[in-house]
Amino acid sequence: MQVQPYLMFDGRCEEALEFYKKAVGAQVTVLMRFKENPEPPRADCAPIDGNKVMHSAFTIGESTVMASDGMTATGKPVFQGISLSLQAKDEADAKRLFDGLGNGGQVQMPLGKTFFSPAFGMVADRFGVSWMVVVMQEAA
């Protein structure tokens, strides 16, 4: 069994996918637009732009994250109470990932040494997704 995050970008999913490709080397493995849905839209659903992303999946390293435009109500996605944790291989990798995710975002805790890691930091990317970048300290 796996638990996989599913992010709703409220109309900005394609922009987010392009951002994650550059920021963390994400690879998009699935992308389906609403117009590709083989079933007609449900009567109780509001009209949706057929070019928006109905479902996508992308990998970062060995992890899969799924994403969608959702119902595209406001174009302002809200992500609260959750962070994605990204394990870097070393301090240089942590800095690269942290800086990439922070481009247009907001640093919540600068990348630096902590009692549990030689490099740990928290940043919200330009979409409001909170990320923790960490280098795991080697066991003594």
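Strand E4 (63–68), strand E5 (83–88) and helix H2 (91–102) each give at least two residues to the lining of the largest pocket. E5 supplies the largest share, five residues. This is a predicted model, in which local features need pLDDT of at least 70 and side-chain atom pairs count only at pLDDT 80 or more, while totals for chains, interfaces and linings use all residues. Residues are numbered from 1 along each chain as its sequence is written, and side-chain values use heavy atoms, with hydrogens and water left out.

**Fold**

The protein has two helices and eight strands. Helices (H or I, at least four residues) and strands (E, at least two) are DSSP runs, numbered from the N terminus. Their order along the sequence is β-α-β-β-β-β-α-β-β-β. The C-alpha atoms fill a box of roughly 60 × 30 × 25 Å along the principal axes. Of the 140 residues, 37% count as buried; buried means under 20% relative accessible area, exposed over 50%, partly exposed in between (1.4 Å probe, protein chains only).

**Pockets and cavity**

On a 1 Å grid over the protein atoms alone, a cavity is a set of points where a 1.4 Å probe fits but cannot get out; a pocket is an open set with protein on both sides within 12 Å along at least five of seven lines; lining residues have an atom within 4 Å of a point. Volumes are the space filled by probe spheres set on the points, which are joined across faces, edges and corners.

| Space | Volume | Lining residues named |
|---|---|---|
| Largest pocket | about 440 Å³ | Nearest its centre: Ile60, Glu62, Ser63, Ser85, Leu86 |
| Second largest pocket | about 270 Å³ | Closest to its centre: Phe34, Asn37, Pro41, Arg42, Ile48 |
| Largest cavity | about 40 Å³ | Leu7, Phe79, Ile82, Ser83, Leu84, Val129, Ser130 |

The largest pocket is lined by ten nonpolar, seven polar and three charged residues. The second largest pocket has nine nonpolar, two polar and four charged. The lining of the largest cavity holds five nonpolar, two polar and no charged residues. Here Ala, Val, Leu, Ile, Met, Phe, Trp, Tyr, Cys and Pro count as nonpolar, Asp, Glu, Lys and Arg as charged, and the others, Gly among them, as polar.

**Aromatic rings**

Rings of Phe, Tyr and Trp (its six-membered ring) pair if their centres lie within 6.5 Å; planes under 30 degrees apart are stacked, over 60 edge-to-face, the rest tilted. The count is ten aromatic pairs. Phe116 and Phe120 form an edge-to-face pair, 5.1 Å centre to centre with 65° between the planes. Phe116 is partly exposed at 35% relative accessible area, whereas Phe120 is buried at 10%. Phe9, Phe19, Tyr20, Phe58, Phe79, Phe127 and Trp131 form one aromatic cluster. Phe79 also lines the largest cavity.
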